[in-house]
Amino acid sequence: MKAVLQRVTRASVSVDGSVRGSCTKGFLILLGVAREDSERDADVLAAKIANLRVFEDENGKMNLSPLDIGAEMLVVSQFTLCADCSHGRRPSFTPAAPPEDARRLYLYFTEKLKQLGIKRVETGVFGADMQVELLNDGPVTILLDSAELK
């Protein structure tokens, strides 16, 4: 499972011109689910994100976690994060999980964030053509791969 975390002041996702999910201070998470991913990957990734100390404390140091500041999160599914670009010029998306498995783990991941104490977790529309808007804070952008966290 791969995630691109963007620390944001605000973010939203729209489908057909209608906002379907949003957050204020926290993370926009672009989430890619690969074929070999399981609930364990979602558990590890969610725990890492909920406790990642990248928000500034009173001294301006990145020392506070999303849990410390009451951060909000917007999670957007993005199968293209699992693209294999090692051959040719067109990415192969065969490493991405089939839609039914990806949807299940995507929803599991969002619920896990809530169980860990993130009070507001919103989502896009799985499988839809979405437009994402954000105001990146910092900018702080972090790449995480559950395979590297186990």
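Predicted model: local features only at pLDDT ≥ 70, side-chain atom pairs only at ≥ 80, totals over all residues.

Colleague: Why is Phe27 called buried?

Modeller: The term requires under 20% relative accessible area. Phe27 has 1%, so Phe27 is buried.

Colleague: What makes Phe27 and Phe55 an aromatic pair, and why is the pair called tilted?

Modeller: Ring centres must lie within 6.5 Å, and those of Phe27 and Phe55 are 5.2 Å apart, so the two rings pair. Planes under 30 degrees apart would be stacked and planes over 60 edge-to-face. The angle here is 45°, so the pair is tilted.

Colleague: Why do you say that this pair ties together separate parts of the chain?

Modeller: Phe27 belongs to strand S3 (residues 26-32) and Phe55 to strand S4 (residues 55-56), so the pair ties together parts that are 28 residues apart in sequence.

Colleague: What makes the pair of Phe79 and Phe93 edge-to-face?

Modeller: The planes of Phe79 and Phe93 stand at 70° to each other, with 5.1 Å from centre to centre. An angle over 60 counts as edge-to-face, so the term applies. Both residues sit in the loop between strand S6 (72-77) and helix H3 (99-115), 14 residues apart.

Colleague: Why is Phe93 described as partly exposed?

Modeller: Its relative accessibility is 34%. Buried would need under 20% and exposed over 50%, so Phe93 is partly exposed.

Colleague: Which residues touch the most other members of the largest nonpolar core?

Modeller: They are Ile29, Ile49, Phe109 and Leu113, in a core of 29 residues. Strand S1 (2-15), helix H1 (39-51) and strand S8 (131-145) are among the elements that give two or more residues to this core. Leaving aside neighbours within four places in sequence, Leu113 is in contact with residues including Ile29, Ala46, Ile49 and Met73. A second, separate core has 11 residues, among them Val8 and Cys23.

Colleague: How do you know that Gln6 is buried?

Modeller: Gln6, in strand S1, has a relative accessible area of 15%. That value is under 20%, so Gln6 is buried. Beyond four places in sequence, Gln6 touches Phe27, Leu134 and Val140, among others.

Colleague: What is the reach of H1, and what span is expected?

Modeller: H1 has 13 residues and reaches 18 Å from its first C-alpha to its last, close to the 18 Å expected at 1.5 Å a residue.

Note on methods. Residues numbered from 1 in each chain as written. Heavy atoms only, no water. Phe/Tyr/Trp six-rings, centres within 6.5 Å; stacked < 30°, edge-to-face > 60°. Helix = DSSP H or I, 4+ residues; strand = E, 2+ residues; numbered from the N terminus. Buried < 20%, exposed > 50% of the residue type's maximum accessible area, 1.4 Å probe, protein only. Core = buried A, V, L, I, M, F, W, Y, C linked by side-chain atoms within 4.5 Å. Contact = heavy atoms within 4.5 Å. Expected span 1.5 Å × (residues − 1).
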